[in-house]
Amino acid sequence: PMYLNNSEKFDLDLHAIIDVDDIDPEKVTKEALSAHKKYPHKRILVHYMQPHYPFIADNTPMKADKKKGKQNIWNQLMEGEADVNPDNVRESYHRNLWPVLKPVQMLINKIEGRVVVSADHGNHLGERAYPISTIEWGHPQGVYTRKLVRIPWLVCQDGNRRTISENPVE
């Protein structure tokens, strides 16, 4: 959703954009495999929401409530307005990764060639944002600490690399 909401800021020639309006990792994987089948000679970028907020791994009530003027849980914690224990938020964040691991493994297993598993950013979970002395939550815009920008990069290679072709943008 971030790309679609900000696409005018980017000068990208993407062959196609498939907007999966769902955060269920199994549904995202199904759409990714469909895209791979439809575009076998294209690189496929799949963005799972997990472990992003909102948390789906448990029933912790940490959703934004726009009607009551509440922001997401990260902003609530930063403003001291969260009605939940910060330790519960940390635990929910970590548990939120588990639902996506099996669908990612399935995607890796079904795509021949090279698959890279990475992340778009890290998250602060109540740590000091060195060299700034403030406590940070989430991934605040304009903050580039090591915790936020150092991300995993896992390369999986199964069989031969696919041939990638350039076709006109749809």
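Mentor: Let's start with accessibility: buried means under 20% relative accessible area, exposed over 50%, and partly exposed in between (1.4 Å probe, protein chains only). Keep in mind that this is a predicted model, where local features need pLDDT of at least 70 and side-chain atom pairs count only at pLDDT 80 or more, while totals for chains, interfaces and linings use all residues. Residues are numbered from 1 along each chain as its sequence is written, and side-chain values use heavy atoms, with hydrogens and water left out.

Trainee: Okay, so how many salt bridges does the structure hold?

Mentor: A salt bridge needs a side-chain nitrogen of Lys or Arg within 4 Å of a carboxyl oxygen of Asp or Glu. By that rule there are four here.

Trainee: Which residue forms a salt bridge with Glu-127?

Mentor: That's Lys-147, with the closest N and O atoms 3.2 Å apart. Glu-127 sits in strand 2 (residues 124-128) and Lys-147 in helix 6 (residues 146-149), so the pair ties together parts 20 residues apart in sequence. Helices (H or I, at least four residues) and strands (E, at least two) are DSSP runs, numbered from the N terminus.

Trainee: And is Glu-127 buried or partly exposed?

Mentor: Partly exposed, at 25% relative accessibility; Lys-147 also counts as partly exposed, at 41%.

Trainee: Where do Asp-87 and Arg-90 lie?

Mentor: Both are in helix 4 (residues 86-95), three residues apart, about one turn of the helix.

Trainee: What does Asp-22 form with Lys-27?

Mentor: Another salt bridge, with 3.3 Å between the closest N and O atoms. Asp-22 is partly exposed at 29%, and Lys-27 is partly exposed at 45%.
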